Amino acid sequence: VNVLVHTASAALVARLALARGLGVRTAMAAGLVFATAPALAESVAWVAGRTDAFLVLATLVALLAAGRWRMSGSRTALAAVGACVACALLAKETALILPLVLAADAADAAHAPDAAAAQARSTGARSPRSRASAPAWVALVVVLAWAGVHRCSSPRPRIRPRSRRRSVLPRWCGRIWRGSRPGLRTRRSCPLVRAGGTGGVGGMAGSRGDGDPVVGARAAPNARRTADRAVVRAAPAGGRGVADRSGCSIRRALAGLPAVGWRWRCPRSRFAFPCAHVR
Amino acid sequence: VLALVVPALAALLLYARSIGFTFVWDDLDLVVRNTALHEGGWAKLLLRDFWESTGGGTGMWRPLVTLSFRVDGVLSQWQPWAFHA
C-alpha cells in the first residue's frame, strides 16, 4: 500500500500544480521532485512510515477539494475537505496544522487567484474571497472535534515523563529564585547530607527536580517530605553529598541573600534548600 | 494527463524494489508480533494506542493506519509484499 499511496500522491502534486495555474512542464517537474525526493524514502519503503504517506495523501486531496470549493461552491467539496482532514488526523497527529495550511492556501488564492477562482469570477459565482476561508474553518472544527475525542477516548501513555519542566540552566550552576520564606535548613536536617549524599540522586531525582520551583521551600510540607523520602531512598550509602559537591563559594556568598528575599536551590536535588553548609 | 502519469510512473518505478522487502525495525512490533492486530476485535484494535504493542503506550492514536495494517494482513495472509506495495 505504501508504494501505491506514494504514487497517488505524486500524481496529486502535479494535479495540484495544474489547478494552481502552473504549466504542464512545471506541474510535471513538481510531481517528479516529490516522487523522487530522498526524504520520503523512509515513509514509502518502511511499513511503519505509512503514517506520513497517509497524511500527505489526505492533505493533497484536502487542498484539491478546497480549490474545488472555491471554484464551484459545492458543499460536497467542503465535506470532502472535512473528511480528508479527519483522515489525516486519524493517520498522524501532525495534521493538527492543516487548518493553518488551508488558511494559507486560501490567502494565497485570494491574493493570486488560481484558475479555479478565476473561473468562479468569470461565471459570476459568489466572490471567491468571501468563501475562500471556509475550508480552513471546517478543518479547524474537525481538529477541535478530534482533540475532544482523542482526549476522552484514547489511551493514556504509560510512560511518565521524567521531568515536568527542565531548567534552562546547566545543572552545575544551580538556580536562584525569589523566595517568600527566609528560613534555611540546617546541615543536620538536610536529607542528602544525612543520607550520606548521592550520585544517584544527581542522575535521577536531581534531573526530575531541575527547574521545578514548586517542590521546595515554597512547596507544601507534605510534598517536601515526600521529596525528602524519595531522595533518601535513592541515595546510596557512602556517596558524596550533592549538597557538599555543589556547596561552592558562590553559594556561601549567596548565603546572605535570603535577607533580601533571594533563595538558592540545590541544583541536583528535587527540593529547594540551601543545605546547612551555607551557613 | 502526461503531467500526472509521469510523476506517478517515476514513483512506482523508483520504489518498486521495496515491494520485495521484508519487515524491519518497528514493523516487527507493529505488525508481526502485534497479537491484537492478528486476533483482537475491531473496536478494541482501533481504540488502542498505536505503539502499545511495542511495550509502552505513547498516547498516539492512529486508527486509520492500524486499520490499513489489518486489511493488508487479512487480504495477503500477512505477507510483507502487500504492506509495501
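Analyst: A nonpolar core is a set of buried Ala, Val, Leu, Ile, Met, Phe, Trp, Tyr and Cys residues joined through side-chain atoms within 4.5 Å; buried means under 20% relative accessible area, exposed over 50%, and partly exposed in between (1.4 Å probe, protein chains only). This is a predicted model, in which local features need pLDDT of at least 70 and side-chain atom pairs count only at pLDDT 80 or more, while totals for chains, interfaces and linings use all residues; side-chain values use heavy atoms, with hydrogens and water left out. Residues are numbered from 1 along each chain as its sequence is written, and chains are lettered from A and ligands numbered from 1 in the order in which they are written.

User: How many residues does the largest nonpolar core have?

Analyst: In soluble globular proteins, nonpolar side chains tend to be buried together. Among the residues with the most contacts inside the largest core of this model are Val81(A), Val85(A) and Leu102(A). The number of residues in this core is 29.

User: Which element gives the most to this core?

Analyst: Helices (H or I, at least four residues) and strands (E, at least two) are DSSP runs, numbered from the N terminus. In chain A, α1 (1-19), α2 (24-36), α4 (50-72), α5 (75-91), α6 (98-111) and α9 (134-153) each supply at least two residues of this core, as does α1 (2-15) of chain B. The element that gives the most, with seven residues, is α4(A).

User: How many residues are in the second, separate core?

Analyst: Contact means heavy atoms within 4.5 Å. Val81(A) is in contact with Ala62(A), Ala65(A), Ala66(A), Leu102(A) and Pro135(A), leaving aside neighbours within four places in sequence. The second, separate core includes Val5(A), Ala53(A), Phe54(A) and Phe83(B), and its number of residues is 18.

User: How many residues does chain B bring to the contact with chain A?

Analyst: Chain A and chain B bury about 3,500 Å² between them, of which carbon and sulfur atoms give 70%; buried area is the accessible area (1.4 Å probe) that two parts lose on being put together, summed over both. Val3(A), Trp46(A) and Val47(A) supply 17% of the area that chain A buries against chain B, more than any other three residues. The contact takes 43 residues from chain A, and from chain B the number is 42.

User: Which residue of chain B meets Glu93(A) in a salt bridge?

Analyst: A salt bridge is a side-chain nitrogen of Lys or Arg within 4 Å of a carboxyl oxygen of Asp or Glu. The rule finds two salt bridges across the interface of chain A and chain B. At 3.0 Å, N to O, the side chain of Glu93(A) meets that of Arg62(B).

User: Is Ser76(B) buried or exposed?

Analyst: Ser76(B) is found in helix α5 (residues 63-76) of chain B. Not counting residues up to four places away in sequence, Ser76(B) touches Trp81(B), Ala82(B) and Phe83(B). With a relative accessible area of 8%, Ser76(B) is buried.

User: What is the relative accessible area of Trp25(B)?

Analyst: Trp25(B) is found in the loop between α1 and α2 (26-32) of chain B. Although Trp25(B) is not a glycine, its phi is positive, at about 50°. Trp25(B) is exposed, with a relative accessible area of 64%.

User: What is the phi of Trp78(B)?

Analyst: Trp78(B) lies in the loop between α5 and α6 (80-85) of chain B. At 24% relative accessibility, Trp78(B) counts as partly exposed. Although Trp78(B) is not a glycine, its phi is positive, at about 60°.
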